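Have the structure open while you read.

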Amino acid sequence: MSLTSRIILAMVLAMVGGVLLKFINDAGFLGEIGQLIFIDFFTEGLLDVVGQIFIASLRLVIVPLVFFSLVCGVVSISSTSRIGTISLKTLSLYLLTTAIAISIALTFALLFKPGIGIDLALPTAFESTTAPSLKEVLINIFPTNPIAAMAEGNMLQIIVFSLLFGIALKSLGSAGDSLKNSFELINNVILSLVKMLIELAPYGIFALLFSLFAVQGFGMIGDLAKYFFLLVFVLIFHAFITYGSLLSVLGRLNPFKFFMKVRSLAVFAFSTSSSSATMPITLDTVKNKLGVRSSIGSFTVPLGATINMDGTAIMQGIATVFISQAYN
């Protein structure tokens with residue numbers, strides 16, 4: 001079976017098994033001993049441990065993968081001026097899609113009104129945190145300590161340092177060839193580690209989803225059904241209509257063929273709910289299935305996973321309207 005098929009099978013088995021176990025437990029068929037074995041030990045113990053270790057293993061490779069792939073990507077770009085062109089195009093596209101995402105989210109939320117009728121009581125005390133100014137945001141992008149940025153997983157600072165390091169290494173010319181080759185070798189080792197982890201994905205995803213559905217079931221969806229289904233609809237709309245249009249107009253690509261090639265990536269992202277954890281699979285997919293040059297993929301993917309969170313923009317847009325309507 002292909003990786004996609006195995007992941008889908010793991011998801012289906014986990015959902016069905018988790019919901020069935022929750023039903024049996026809620027009905028009181030397990031008893032104290034059964035609950036101790038199947039819920040406490042197996043589900044909330046063993047499977048939860050396996051799932052969390054799987055996510056932690058994926059996050060383990062994110063920082064070195066971003067750093068080495070970005071440095072190698074910058075070094076492999078033909079000229080320094082081309083780096084600026086690629087950066088401008090990439091950032092412009094990311095800003096455009098995020099703006100479209102939040103606009104669509106607010107429009108559909110105001111149209112369908114998911115929070116009307118909830119009638120929640122206003123909290124008696126609430127203090128909002130002060131948002132940082134644009135000046136502070138721009139200053140904080142540049143790291144004062146790159147090692148600390150890597151230790152804390154501050155992706156924007158890591159990306160800036162990687163770009164500067166790559167440009168400096170490129171400026172050395174032939175004198176930096178030995179270091180360039182070392183970086184390429186380390187990058188290949190990290191990618192090899194990623195492939196090993198990807199092969200374990202069906203087991204990690206099964207453990208994550210089984211423990212989730214065995215504890216939560218579908219009950220949470222019922223309480224927020226209108227919000228939930230509106231969110232899913234807008235996510236699908238943005239993925240296929242917005243991106244489909246951009247693929248056709250800007251990329252001159254067949255959207256259907258594109259989505260077929262990234263289906264394993266989409267399934268993996270859905271299962272883990274993390275763009276950062278999915279980044280290794282994203283890099284592998286764009287390079288090996290879509291034919292994107294390594295220099296472009298290594299630059300755009302880490303940047304996109306950090307600042308181009310259209311799904312989050314949609315969720316926050318709908319959630320903001322939902323909450324304001326729920327509290328009248």
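The aromatic pairs in this predicted model come to a count of 17. Two of them are set out here.

| Pair | Type | Centre to centre | Angle between planes |
|---|---|---|---|
| F108 and F237 | edge-to-face | 5.4 Å | 65 degrees |
| Y227 and F322 | tilted | 5.0 Å | 40 degrees |

Take the F108 and F237 pair. F108 sits in helix α4 (residues 80–112) and F237 in helix α11 (residues 225–249), so this pair links distant parts of the chain, 129 residues apart. F237 comes out at 27%, which makes it partly exposed.

Now for Y227 and F322. Y227 is in helix α11, while F322 belongs to helix α16 (residues 310–326), so the pair ties together parts 95 residues apart in sequence. Y227 and F322 are both buried.

Rings also gather in a group here: F67, F68, F161, F165 and F183 make up one aromatic cluster.

Finally, have a look at T4, which is part of helix α1 (residues 3–26). With 10% relative accessibility, T4 counts as buried. Which residues does T4 touch, leaving out those up to four places away in sequence? They are R263, S264 and V267. As for L58, 54 residues from T4 along the chain, the C-alpha atoms of the two are separated by 18 Å.

Technical notes. Residues numbered from 1 in each chain as written. Predicted model: local features only at pLDDT ≥ 70, side-chain atom pairs only at ≥ 80, totals over all residues. Heavy atoms only, no water. Helix = DSSP H or I, 4+ residues; strand = E, 2+ residues; numbered from the N terminus. Buried < 20%, exposed > 50% of the residue type's maximum accessible area, 1.4 Å probe, protein only. Contact = heavy atoms within 4.5 Å. Phe/Tyr/Trp six-rings, centres within 6.5 Å; stacked < 30°, edge-to-face > 60°.
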